[in-house]
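This briefing goes through one protein model, topic by topic. Please look over the sequence and the structure before reading on.

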Amino acid sequence: MARRDNRNPRSRGPRDEERGEELDERVIDISRVAKVIKGGRRFAFRTVIVVGDNKGRVGVGVGKSRIVPDAIRKATDRARRNLKHVNLAGTTIPHEVLARHAGAEVLLKPASPGTGVIAGGGVRAVLEAAGVRDILTKSMGSANVLNVVYATLEALSELKDAETEAVRRGKDVKDVKPFWDRKKNGQPHD
């Protein structure tokens, strides 16, 4: 069995602060949940946390505990362990994407610079933590916060970079880029 770090008994390796990594943590949801046992109900708290570096990496964690601080700590640890890379195109996403998780469906569309993050709730938190600054979104179906967050994460994981998408479509990379990038380079837009 590997020996743990002496500074923190729960640590699994070098801490993020020691590696010089500054992560953006956001509490999305804290809800009270109940487990029915023989003597009645046992209440606990479920927290949903999103962690990102604002440069294309984002992770979501869920933690449950009888007290809120422990639930937040558990969720943060899980989110840090589950960081995933996201393909970005400057301050937006490279192409439109639609993803579904359970009953929640999320549509993400690239937007021109200066638009801002047009999203609400959990979708906004995940996108801002990932480093997206200009995007249009639509959340459809279920409004369950956890499912919406997972659908957003699924949509971000489906994003391809411009070169991969150009090869898939059989087009030139210049033709796949958003119209505002083509406009800057003197190409006509569709």
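**Strands, a helix and a hairpin**

Strand β1 pairs with strand β2 (residues 40-52) in the antiparallel sense, over 13 bridges. Both belong to a predicted model.

**The open sheet**

- The sheet is open and has 4 strands in the order β1-β2-β3-β4, with antiparallel pairing.
- Its edge strands are β1 (24-37) and β4 (84-85), each of which pairs on one side only.
- Helix α1 (residues 68-81) packs on this sheet and touches β1, β2 and β3 (57-65).
- The direction of helix α1 makes about 150° with the direction of β3.

- Strand β5 (residues 97-101) and strand β6 (residues 104-110) are paired in the antiparallel sense over 5 bridges.
- Opposite Leu98 stands Leu107, a residue of β6.
- The hairpin has 2 residues between its strands, and Ala102 takes a positive phi near 55° there.

**Around Thr137**

- Thr137 is part of strand β8 (residues 135-141).
- Which residues does Thr137 contact, leaving aside its neighbours within four places in sequence? They are Leu107, Leu108, Ile118, Ala119, Val123 and Leu127.
- Thr137 and Ala111 are 26 residues apart along the chain, and their C-alpha atoms are separated by 9.7 Å.

**Rings**

- The charged end of Arg32 sits over the ring of Phe43, at 4.0 Å from the ring centre.
- A search of the whole structure for aromatic pairs finds 0 of them.

**Confidence**

- The chain has a mean pLDDT of 86, and 84% of its residues reach 70 or more.
- Over residues 1-14, pLDDT stays under 50.
- For residues 1-14 the model has 9 contacts beyond four places in sequence.
- Where pLDDT is low, predicted coordinates should not be read in detail.

Methods
Residues numbered from 1 in each chain as written. Predicted model: local features only at pLDDT ≥ 70, side-chain atom pairs only at ≥ 80, totals over all residues. Heavy atoms only, no water. Pairing = 2+ DSSP bridges. Contact = heavy atoms within 4.5 Å. pLDDT = per-residue confidence, 0-100. Phe/Tyr/Trp six-rings, centres within 6.5 Å; stacked < 30°, edge-to-face > 60°. Lys NZ or Arg CZ within 6 Å of the ring centre and 35° of its normal. Axes fitted to C-alpha atoms, helices over the stretch in contact; angles between N-to-C directions.
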